[in-house]
Amino acid sequence: MCLKKNCPLSNLGNSDGICCSCERKKPQNHKGAHKSYRDFIVRTNIDLIVIAFFIAWLHADTVRASETSTMAVDGGSGERESDIDSLEVEAGHDAAEEEIETAYAVLFPWFIEIIGVFVYYALSRWCHQIPFTAIMFLIGFCIGFCVDRVKPRNILLESSYIWTNIEGELIILIFLPGLLYLDSFNIDIHLFLQSFLQLVVFAFPMVLGGTALTALVAYYIFPYGWSFDLCMTFGSILSATDPVAVAVLLNELGAPPRLKMHISGESLMNDGSAVVFYTIFSSRFFYEFGLDGIGEEIGWGKGFALFFRLAFGGAAIGLAFGIGTVFILFHLDRRLSGEDSVIQVVTTISAAYLSFFTSEILAHCSGIIAVLFCGVTVKAFGETLLNNLQLTHHFWEITEHLLNALLFALGGSVWGEIIGDQTYTEGQGRLFARQDWGYLALLYVLLMVIRMFLIYSFYPITKRIGIGTNWKESLFAAYGGLRGAVGIALALSLHAETIHFTSSIPNESAQMSFRTSTAKVFGFTGGIAFLTLFINATTCGPLLIKLGLVTPTETRKKVLENYRQHMIQFTLVEYVKLMTEDRFQTVDFMVMKEHIPFFNEITYDKFMIAVQKYKDITPSKGYLEPSIEHVIPYLYEPETSHPSNDEKVSPGLNETITDRRSILKSSTRRDSVANIRKNRRRRVATVYDLNEVFDEKEVREERMIFVHILRATYHRLIEHGELDSRGFMPYSMFRSLDFASDAASKGMPLNDWDAMQAVSNSWVRPAEKLLHRLFHWKEVFKRKHKFRTFDIDFMEIFVQVRQALVFTRAHESAQNIFKREFVSVGSDALTAAEKNVLDESKMQMVNADKLLNSLDKDDVQVIKSHYVCQMLLNKSAYYFEKLARRGLITEREAGQFLEEIEEYIFDVLECREISHKHEMSLDAKKKMISSIPSYMLRGSVNNTKERAQVVAADVDTAQPLPV
């Protein structure tokens, strides 16, 4: 206790009982004194009192500033307060600018993607041989070159600047997993396992050799004074190959599977090994910065240990994630659930990115090898567990396209920025001077020589192991070693990390030296990627053909001709099937021959084979005889049309009247049997149970179901080529079902025909006219057709007739499905409510028929004939698309057929002729059919004469489309 009276510290004393404040004696124990001061402050809450006084002062100062500001508005001075307000406003502007710049980052990637759409369109139509990624790299170069030269910067350049300064590690994490997983998942597991030893040779010894030889070129030939570690890093970057452009070419030309495996498998494996070597040598290069915790001095022993850890650790992690993914896919087993299929796709992309992140960031192993083994594991054991394999492939193809477009554009942008940058040379010229372009050309040549040397050095080994190889495939593999996505990502990462790390170096000269070196590394990497994409990728096709690595020309021509003949037969059977429908009974075969050129190859025998084939593949219960009286007169030639050897026929000249009568009698019997079967089929589900109570709620529900059936029928007609999938016609039809569904839910009767007319007569009609006019001029200009006037009136009739035909066909099909699904089990009866829905549908067909009857019959006949032509051409296109999907023909071969069919479809749409050349009159057709021997009219068409007589007699009163 302090003994002095009125001492403020009387309640707190030191260990000697003397108050330090009163005696002014310096304490002997400084540590104890400091502790006592701290305890004193804590116990008396002086710290809280000081804080409270400070807050009160700030509050009073703020109030005073507010009052002064108010006085200044009223005429006072308030200089200090105005300065404070100005500072606050400026700070607000800075924050707003920073926020806007962050938001600008969204623009660059999606601007690149939409530009990629136009690039793809142009390349796929006119310059198919130029790789898509090469053009995207060039576009990125233009953007990057303008970043520091366009003043003031616009939003796009600001967004580009944000992306070009992204962290290197983030670049790898964003792009590489998505790009590598699809390649590993698409690999042929059987060939991959057989050629694994070859791929190991390609990936590790060859990549190490390529890294070392490229490093020697950079170290001894380039005049930049790079350290050997940087040269090795440069060599590892250029060792990674990109098979995307070449793989597409190999698939298009139909290269052998062994060559495809060598190209794609080598790329996958050497990407992993290149990243491993890059990790080792970049760490040694970063160690040269002299900063604590940056880089590592890795010796030979530690280097080998690190190599095995990166490689085998990444493989183990990839296998673990692959097995886990297969386990999840196994439990998502609801194949009819679309949501399960979506979750499966989400699982695959999550596994790809998580395996890469776990291996690369957490375990410090190779992320690329992890993704490779994850994808291969899922391919081997999980492909059959995918509920929707097509959905998975399409998703990953979209992901690969998006990432490739953005990565190459980003790489081109950084390359353009580096090529024209003067900051690294302190205004003494551009970083990439004239001599550097010469060194770039020299490097390109030397890289080709190095790769050729390495492949043929290991040729004696690779020839004897795995699936083998030959000198031609080795030559193509050497020439097709493009540089692309992985190399650009690694070079971007190296440069970005160098800028980030060297910001801590106090010596500006050393800082600028390191940044200049990595900038030049990326400049050469981007240049090599650009040259290989533009030179090697565009000339790989001719080289592949020159080396004879694709299927021999003559053999392939025979195969394609065989497919073409099968396509003609397939289309002919579809034509026979259409001839069974009442709406197409009057379509003339000469119109088919005019607009479908391969129909000119059809003979009488081929046609009758198609008729018989249609009969064979159609169930007898649902078989209807085709109306071919408008076909036979154009095909029958007495000199060439002969019966088959297995048919027992009497000589035409000696045929007796009895023979003719017996044939006619058997024909009549067959007609009777056919009619019985036909009537039996039509009687199914047409008996109505009138004792059922009419329930309005039931009718409402069944109307809704019928609308759903109609919607599904429209989709099926699109798949079958009877309804265009694009344009305003399908839009108006589906939109009319929306209105019909709303009306049905309110208890109103079915009225989708009027709804379709209302939609068509709104903004759709003028928009459709404009679209057709633009399409007309585009196609005329594209094909350089002779000038032809665009007929708006005929176009309107064309659209209405097409709508009525499709509408009637959809309702007929929907009625059959409705009857089949709603008929009671063990009974053919339908309720009164179901009859009511069918009657409403038939009334809609009557309305469509009224429209057709109100139009000019010649126009209707022409449009119906052209409609059949277009449907058959669409079915021909579908046949080749199916062959391409099954891998029986290449995409390029299918594309050639489809382009030819597209020309035919355009000619059909542009045709306005009422009658075609060599078209027979009805009397001529009747006379020709009468002259045909009865035995030539086979069982499936034995009533052709009678049909011809009916058509000739009732042609003027025949309905264009019976209800």
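Let's start at Leu389, which is partly exposed, with a relative accessible area of 30%. This is a predicted model, so everything below is read off predicted coordinates. Leu389 sits in helix α18, which covers residues 389-419. Leaving aside residues up to four places away in sequence, Leu389 touches Phe185 and Glu383. Ser341 is 48 residues from Leu389 in sequence, yet the two C-alpha atoms are 8.7 Å apart in space.

Staying with α18, let's look at how it packs. Two packed helices are described by the angle between their axes and the distance between the axes. For α5 and α18 the angle is about 110° and the axes are 9 Å apart. That makes α5 roughly perpendicular to α18, because angles of 65 to 115 degrees fall in that class. The crossing of α5 and α18 is right-handed. On the α5 side, the contact uses Phe108, Pro109, Trp110, Ile112 and Glu113, and these meet His401, Leu402, Ala405, Leu406, Ala409, Leu410 and Ser413 in α18. Sorted by class, the residues of this contact come out as nine nonpolar, two polar and one charged.

Helix α5 (residues 107-125) has another partner, helix α6 (residues 132-146). Their axes come within 10 Å and cross at roughly 135°. That makes α5 oblique to α6. The crossing of α5 and α6 is right-handed. Here Phe108, Phe111, Ile112, Ile115, Gly116, Val119, Tyr120 and Leu123 in α5 meet Phe132, Ile135, Met136, Ile139 and Ile143 in α6. The contact of α5 with α6 has 12 nonpolar residues, one polar residue and no charged ones.

Is α7 largely enclosed or open? Seven of the 10 residues of α7 (residues 155-164) are buried, so the helix is largely enclosed by the rest of the structure. The buried residues are Leu156, Leu157, Glu158, Ser159, Ser160, Trp163 and Thr164.

Past that helix, Ile166 lies in the loop between α7 and α8 (168-185). Ile166 is buried, with a relative accessible area of 15%. Not counting residues up to four places away in sequence, Ile166 touches Ile171, Ile174 and Ala496.

Another loop worth a stop holds His364, between α16 (338-362) and α17 (367-382). At 48% relative accessibility, His364 counts as partly exposed, because the cut-off for exposed is over 50%.

Finally, zoom out to the nonpolar cores. The largest has 140 residues, and those with the most contacts inside it are Phe222, Trp226, Phe234, Leu443, Phe476 and Phe524. Helix α14 (residues 257-287) supplies the largest share of this core, 14 residues. A second, separate core has 90 residues, including Met579, Met592, Met756 and Leu851.

Conventions: Residues are numbered from 1 along each chain as its sequence is written. This is a predicted model: local features need pLDDT of at least 70, side-chain atom pairs count only at pLDDT 80 or more; totals for chains, interfaces and linings use all residues. Side-chain values use heavy atoms; hydrogens and water are left out. A nonpolar core is a set of buried Ala, Val, Leu, Ile, Met, Phe, Trp, Tyr and Cys residues joined through side-chain atoms within 4.5 Å. Buried means under 20% relative accessible area, exposed over 50%, partly exposed in between (1.4 Å probe, protein chains only). Helices (H or I, at least four residues) and strands (E, at least two) are DSSP runs, numbered from the N terminus. Axes are lines fitted to C-alpha atoms, for helices over the stretch in contact, and angles run from 0 to 180 degrees between N-to-C directions. Angles under 35 degrees count as roughly parallel, over 145 as roughly antiparallel, 65 to 115 as roughly perpendicular and the rest as oblique. A crossing is left-handed if the near helix is turned anticlockwise from the far one by less than a right angle, and right-handed if clockwise. Contact means heavy atoms within 4.5 Å. Ala, Val, Leu, Ile, Met, Phe, Trp, Tyr, Cys and Pro count as nonpolar, Asp, Glu, Lys and Arg as charged, and the others, Gly among them, as polar.
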